[in-house]
Amino acid sequence: MLRTIIILFLFFSFSSISFGDQETPTSEEFRKIFEKYKTERELPKNYKRAQENKFKKLLKDLRPFLIFVFIMIVLALSRSGKDKLKKEEEKIDDSSDSTLQKAIKRFKKKKENETNKDEEIEEDQKEIFDKSIKIKVEKEKIENFLSYVVKGKGDINIDNELLEKDNNMAKFSIYVFDITDSKNKIPLTSNSEGWHDKEYILSNSREMEINYDYGYWTWTPMFYFPELVVIPPYKGKRKLEFKIYATSLNTKFSKGAPVVKNKKTKTDETYLSISTKIEIQFDEPGYEEVKEFVDDVNERTVQLGLALADSDGHMDQREINIVKDWIDGQYHWSMFDYLLIDDEKSKDKQNKEKIKFSFILKNTYDQLRHNRLSMSEIIKDLNTKATRVQKYDAIQLLLNIAGSDEKLGIKEDQLLNKTARALNLDIEQFQKMKNIAIANIESIEHSEQINESVFNITESMSNAEKCKLLRKEYTRWNAQTNNANENIRTKAKKMVELAAELRKKYKC
Amino acid sequence: MAKVIGIDLGTTFSAIASLDDMGNPEVIPSIEDNRKITSSTVYVDGKNVIVGDKALDYFVKKPKQVITETKRQMESDVVFSVAQGKWTKDQDLTDAFTPAQVSSLILKKLKDYTSDVTRAVITVPAMFAESARQATFEAAKMAEIEVIELINEPTAAVLHYASLPGVTVGGRVMIYDLGGGTFDVTIAEVKNKKVDVITSRGDKYLGGKDFDAEITKLMNKKYKAKHNVDLDLTNNKEYIKKAEDVKKILSVKDKTSVQVNGPKGPLEIEITRAEFEESIQTYLEKTKMLIEEALESSHMKPSRINQTLLVGGSTRIPAVVQSLTKLMGKPPVKGVNVDEAVVCGAAVYAGLKTEDKSLNKKQQEALAQVELTDVCNFYMGTLALVTDPNTNRQIMANTTIIKRDTKLPASVTKRYYTIHEGQEEIDCSVTQSEGFEDNVEFVNVIHKELLKLPKNRAAKQPVDITYSYDASGKIHCLFTDVESGNKHEIELKPHSTKELDKQIKEVEKIIVE
C-alpha cells in the first residue's frame with residue numbers, strides 16, 4: 001500500500017516530465033548545479049519569494065536527476081516487497097496450522113502450476129510446430145480387451161503433390177517386430193481374423209485423407225492391437241518395435257515392409273515411416289515355441305480328454321468320437337495353419353500323424369486301464385508348453401466330452417473343476433463355459449456332492465464366498481428360465497433349485 | 001365418458017380398478033359375489049366358459065376342463081388342450097386355447113364388472129419377457145380392450161403407495177411383491193409423489209402356488225408314512241385346494257388339521273406352521289438372493305432402504321415377514337391391502353396416461369404431482385461376429401446395445417461393420433436377456449430379419465443400430481447402412497394379423513360367464 005502511495009505521489013509530482021526530451025545529468029553537471037545553488041544561497045534578497053523561486057528552480061534543475069532517483073526508489077521498494085513476500089511464504093511454511101495461510105499457499109501453488117502448465121502447453125505447441133509425427137505405445141483397455149494402443153503426435157508431413165494421385169489419400173500400415181536379437185529383426189505373425197496381412201504377418205492398416213497441415217495436436221490413438229494377438233516368437237523378456245508406414249494406396253507389403261516396385265511411375269511409394277520400441281514380459285510360449293510344442297500339447301490334450309471320458313468308469317463310444325473329431329479338427333486346422341504356410345504338410349505326413357494319434361489313443365487307453373496315466377504330468381506339461389488359448393481349447397474339449405453322453409457325473413465334474421484350476425484358467429470364465437455345456441446336458445447325476453461340484457464350490461471357500469457364488473449362479477440360471485430353448489429352460493429351473501437348496505444348507 | 005381403468009392380470013387372482021371422481025383408485029368388485037379380487041381360474045365347457053371363483057368349483061369335479069396359472073404360460077408356445085387337461089405344444093388341436101386366449105377370457109370377465117371399459121393399463125411381472133408382453137397385448141385385443149400401456153407390477157404398487165394422501169413414503173423404498181405365481185423385487189426412489197425406479201429382479205416361478213404344492217407334498221409324506229402309499233398329486237386337484245386352505249390357516253394359526261382322501265381311505269393330517277415354513281425355505285432363499293442381487297446392482301446396503309413395502313397375497317405368511325425383517329434389519333411396512341396395491345397403481349398410471357380433458361378437475365389435482373420413471377428390465381442387443389478373448393477366434397456372439405436398468409425412455413446407437421467384401425445383406429437380430437450374456441444360446445432372439453445392402457462394396461462398411469425404448473417399455477429398432485442409407489425398422493408387434501384375427505374369431509364365439 002505504502003509503495004503504491006509513494007509511486008502515485010512521485011508519478012504525479014513528475015507527471016509533467018517528458019522523459020523523451022530529458023537526458024540524465026552526468027556527475028559533473030550535478031556538481032555544477034549544486035555549486036550554483038550554494039552560491040545563490042549566500043545572496044538572499046526578498047527572502048521568502050526568493051526562497052520559493054529558488055526551490056522551483058532547484059526542482060526544475062534537479063528533475064532529470066530525480067527521475068533517476070525515482071527509478072531507484074521504485075526498484076528498491078519492489079525488491080523489499082519481494083523479500084517481504086518471501087518472508088511471508090517462509091512464515092506460512094512454518095505455521096502449518098493457519099487455514100488462511102494454507103489457502104494462500106494452495107492458491108500460490110495453483111498459480112505456479114498454471115504457469116508451469118502454460119509453459120508445458122507452450123512447449124508442446126512448440127514441439128508440434130517444430131517436429132513431425134512421433135509415436136508411442138501404451139497399454140489400455142479397448143472394448144474389454146487389454147490392448148497395445150499406438151498413439152501419435154505431431155505433423156504428418158507428406159508432400160501434397162505425392163498425394164494427388166490418390167486424391168489426397170494415404171495408406172497407413174502398422175507392423176510389429178521382435179527386435180530382442182538386434183541382428184535378427186522378426187515380424188510378428190498372427191492368424192487372428194482382422195489382425196494380419198496376406199502373409200499372416202501381424203498388421204493393421206487404414207486409408208486416411210491427408211490435407212495440408214494434417215497432424216495430431218495431442219497424443220492420439222492411431223492403431224491398436226489386442227494384447228492377445230501380439231505374440232512374440234519366444235517367451236520371456238522381449239523387445240518389440242511398432243512401425244507405422246504411410247504409403248500410396250497401391251503399395252504392397254512383404255515381411256512387414258513396403259515393396260516399391262515401380263519407382264518410375266511412383267504408383268507405389270513410401271511417404272514416411274515412424275517407429276517406437278517397448279519391452280514386454282511374455283509369460284506364454286511364443287509362436288516359435290508353439291510350433292515346437294504343438295504335437296506335445298495335442299497329445300496331452302487327447303490324454304486329458306480320454307482321462308475325462310474314463311473318469312466315470314466306462315468310456316462311451318460317443319465320448320471317444322468327440323476326441324476323434326477333435327483330432328480331425330487339428331489336421332484341418334494344420335492345413336490352413338498360417339505357421340505352416342511355407343511348409344504345407346503332404347498327405348503322407350498327415351497319414352503319419354493319423355497313425356501317431358491312433359497310437360496315442362491306444363496307448364492312453366492302456367495307461368488308463370492300468371492306472372499308469374499321470375494327470376499331474378499332463379497338467380505340468382500343458383502348463384509349460386500350452387498357450388492360454390490352447391488350454392481353453394483343451395477345457396472345451398473336456399466339456400464336450402462330458403456332455404456327449406448326455407449326463408454329467410460327479411467324477412467327470414470334479415475332474416473338470418480340478419483341471420480348470422490346475423491349468424490356472426479364469427474360474428468364472430470356466431464356469432460360464434461349463435454352464436453352456438450343462439444347459440445342453442440331458443441330466444446331472446443326483447447327489448449332494450455334485451450339487452457343490454457343479455457350481456465349483458470348494459472346501460477352501462468361506463461360507464460368505466459360497467453364498468455369494470451361489471447367488472451369482474442362481475441369478476445366471478434364473479435369467480434362463482424364460483429361454484426360448486425348452487431344454488435350457490428346464491435345465492435352468494433345475495439349477496435354480498440346486499442353488500437355492502445349497503444356500504439353505506449353508507444358512508446364507 | 002370412458003373410465004380410467006387399471007387391470008391386474010394375476011396368476012391366481014385378477015382385479016380391475018378405476019379412478020373415482022376424487023382421483024383415488026377404487027377396486028371394482030365382481031357383480032356376483034361383490035369380491036374385489038377374482039380367481040384367474042377358467043372352466044371350459046364347449047363354447048361356454050366360467051371365469052372366477054365359480055370355476056374353482058369344477059377344479060375337483062372336472063379338473064381337465066379347468067385352466068389355472070395361465071400367466072406362467074404367457075411366454076411359451078403352448079396351448080391348453082381341454083381333452084388332455086394340460087398345456088401342450090401340439091398347436092393343431094381343435095379344442096385348445098392359447099395362453100393369450102385364456103387371458104382374454106379373464107379380461108372379458110373383469111371388463112363386465114363395469115361399463116365403458118375401452119382402454120386400460122394392464123400390469124405384468126417386472127421380468128415378463130417380450131413374448132409374454134406381446135401375448136398380453138394380444139389378450140387385450142381379443143377382449144376388445146385398448147392397452148394404454150403395460151406397467152410392471154411392483155412399479156404399479158409403489159406408484160399406488162406414493163400417490164396415497166395418507167401414507168408417507170419417502171427416500172429409497174423396496175417393493176417386495178410375492179403373489180400367487182411370480183415374485184418381483186423393485187428398488188425405487190420416492191420423493192414427493194415422484195417415483196424413480198432404480199432396478200427390478202424377479203422369479204417367474206415363485207409364488208403362493210408353489211407353497212401350496214409344498215403343502216401337498218407334506219400331506220403325501222404323512223399319508224405315505226401312515227398307509228405306505230402315495231397320494232395321486234398329479235391328477236387329484238382336491239389336494240391343491242385343501243393345501244391352499246391349510247396355507248391360509250397357518251398364516252394365522254400355529255397348526256391345523258386337514259382330512260385327506262387317499263387310495264387307502266381318508267386320513268386326518270395335522271400340519272404345523274413350523275413344518276410349512278421349513279418346506280418353503282428354498283423359495284424364501286430365492287427371494288433373498290433376488291433382493292441381494294437388486295441391492296448389489298443398485299449399490300445399496302439394506303440399511304440404506306428406508307422402507308420395505310409388501311405387495312401380494314403371499315406376503316401374509318409370517319415366515320415371509322420374518323425372513324425379510326432379518327435380511328433388511330427392520331420390519332416391512334403394511335400400508336394398504338396387499339391384494340389391491342397393484343391394480344390401484346395401474347389405475348393411477350392409467351390416470352397419468354389419460355389426457356387432462358378426459359379427467360375432471362379433482363382427478364387432475366390428485367394426479368398433478370405424481371410422476372413415474374421406470375427402467376429397462378432387460379439387456380437388449382444384437383448378434384455379431386466378435387473375437388473370443390479366450391480362444392482368440394471369431395465367434396458369433398451377443399452384443400449389448402441397451403443395458404439393463406437404463407432409465408426409460410432411452411435411445412442408444414451403436415456402430416457395427418460388415419465382415420466380407422461384397423457382403424449383400426446383414427442379419428438384423430434383436431436379442432433380449434435378463435442378465436449380461438454374450439453366449440448366443442443364452443439370449444432370446446425376439447426378432448430376426450435381413451437388411452439388404454448395396455452390391456460390390458469393400459468389407460468393413462458401417463452399419464448403425466439404434467434401439468429405442470419408450471417410457472412404456474415398447475422397443476423400436478432401426479438398422480441403418482450408413483453409406484447407402486438403407487434402413488430396416490423394427491417395431492415389435494403381436495402375432496401376425498392373420499393369426500390374431502383367427503384367435504379373435506374363436507374367442508368371439510365363447511360365452512363368458
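Let me start with chain B, which is divided into domain 1 (5–167 + 336–371), domain 2 (208–279) and domain 3 (379–492), the bounds coming from an automatic or database domain assignment. Please keep in mind that this is a predicted model, in which local features need pLDDT of at least 70 and side-chain atom pairs count only at pLDDT 80 or more, while totals for chains, interfaces and linings use all residues. Residues are numbered from 1 along each chain as its sequence is written, and chains are lettered from A and ligands numbered from 1 in the order in which they are written.

Taken over C-alpha atoms, the centres of domain 1 of chain B and domain 3 of chain B are separated by 34 Å. Seven residues from domain 1 of chain B and seven residues from domain 3 of chain B take part in the contact, where two residues count as touching if their C-beta atoms, placed from the backbone, lie within 7 Å. On the side of domain 1 of chain B that touches domain 3 of chain B, α4 (130–142) and β12 (146–152) of chain B each supply at least two residues, and α4(B) gives the most, with three residues; helices (H or I, at least four residues) and strands (E, at least two) are DSSP runs, numbered from the N terminus.

Turning to chain A, its mean pLDDT, the predictor's confidence in each residue from 0 to 100, is 77, and 70% of its residues reach 70 or more. Among the elements of chain A, strand β7 (residues 236–247) has the highest mean pLDDT (96) and helix α2 (residues 27–41) the lowest (40). Over residues 1–51 of chain A the pLDDT is below 50, and this stretch has 26 contacts in the model beyond near neighbours in sequence.
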